Amino acid sequence: MQPAPLSALSPVRSSLDICLVVSGPNEGGGIERHVRDLADGLARNHSVHVLAHRSLRSLFDSSVQFHPIEFTRWRFDIRFLIQCARQIRRIQPSVVHAHGRKAARVVSILRNFLASPCILTVHNLKSDSQLYKKFDCVIAVSKLVAQGIEHPKLFTIHNGC
C-alpha cells in the first residue's frame, strides 16, 4: 500500500491577504532584508502588501504589492495615522504584521480600528514592553531578543529562517 500524498494529509489552505508594515527609510539594514525575504517567500502562495517608506519600493519583487507611506512623519501625527489606517482598511488583510518600533507603535495605536489579527516581529531589545500587549502574537528574531519579551503567544523565529 502506497502512502497518501502529502496534499491529502494536510488541510487545504486558502490564500491569505498579508499586510507587512515596515517603518523608516531604507538604511540597508537587517529589517529591510528580513521583510524583503519574508514578503517574497509569502508571495508565492499569498497576496502580500507592504506599507513602507517609498525608498524601500525597489527591494520588493513585482509579485508584492507596495504601498508607499511617509514613515518619516511623527508617529503620533493624526494625518499620518489616518493615512495608515485607510490603507490597511482598503487592503482588508487577513493579518497585519509590523516590523520595527515605529511600525509597531503605529499598528498598536490603530489596533482598535483594525479587524485583522496583528503580529509584531521584534528585531532588537529596544522595544517598549507595554507595546507587545496590543498584539495577538509576538515573534522574536533570536533567543536573546525573546528573553526581554513577556507575551502569552511568543515565538522565536531566527533571522533567515
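Tutor: Start with strand β6, residues 137-140. Cys 137 and Ile 139 point one way. Val 138 and Ala 140 point the other way. All four are buried, and buried here means under 20% relative accessible area. Keep in mind that this is a predicted model.

Now look at the neighbours of β6. On one side is β5, joined to β6 by 4 bridges. The two strands run parallel. Within that pairing, Leu 120 has Val 138 of β6 as its bridge partner. The other neighbour is β7, residues 154-156. β6 and β7 also pair in the parallel sense, over 3 bridges. Here Ile 139 stands opposite Phe 155 of β7. In general, the strands of a sheet pair through backbone hydrogen bonds, either parallel or antiparallel.

Step back to the whole sheet. It is open and has 7 strands, with parallel pairing. The order is β3-β2-β1-β4-β5-β6-β7. The edges belong to β3 (65-68) and β7. Each of these has a single partner strand, so one side of each is left without a neighbour in the sheet. Neighbouring strands are turned by 20° against each other on average, with direction ignored.

Ala 52 stands opposite Pro 68 of β3.

Ser 129 lies in the loop between β5 and β6. Its relative accessibility is 39%, so Ser 129 counts as partly exposed. That value falls between the 20% limit for buried and the 50% limit for exposed. Ser 129 and Glu 150 are 21 residues apart along the chain. Their C-alpha atoms are separated by 7.4 Å.

Now the helices. Helix α3, residues 78-91, lies across β1, β2, β3 and β4. It runs at about 175° to β2. Helix α4, residues 101-110, lies across β1, β4 and β5. Its angle to β4 is about 145°.

Helix α2 covers residues 30-42, 13 residues in total. From first C-alpha to last it reaches 18 Å, close to the 18 Å expected at 1.5 Å a residue. Glu 32, His 34, Val 35 and Ala 39 are buried in α2. They cover an arc of only 165° around the axis, which puts them on the same side of α2.

Finally, the chain as a whole. It has 5 helices and 7 strands. From the N terminus on, the elements run α-β-α-β-β-α-β-α-β-β-α-β. Of the 161 residues, 43% count as buried. Take the contacts between residues at least 6 apart in sequence: 45% of them join residues at least 24 apart. The chain exposes about 9400 Å², and carbon and sulfur atoms supply 52% of that area.

To return to β6: its four residues are buried, and the strand sits between β5 and β7 in the sheet order.

Notes. Residues are numbered from 1 along each chain as its sequence is written. This is a predicted model: local features need pLDDT of at least 70, side-chain atom pairs count only at pLDDT 80 or more; totals for chains, interfaces and linings use all residues. Side-chain values use heavy atoms; hydrogens and water are left out. The expected span of a helix is 1.5 Å times one less than its number of residues. Buried means under 20% relative accessible area, exposed over 50%, partly exposed in between (1.4 Å probe, protein chains only). The arc is that of the directions from the helix axis to the C-beta atoms. Contact means heavy atoms within 4.5 Å. Accessible areas come from the Shrake-Rupley method with a 1.4 Å probe; for residues, only the protein chains shown count as cover. Two strands pair if DSSP finds at least two bridges between them. Axes are lines fitted to C-alpha atoms, for helices over the stretch in contact, and angles run from 0 to 180 degrees between N-to-C directions.
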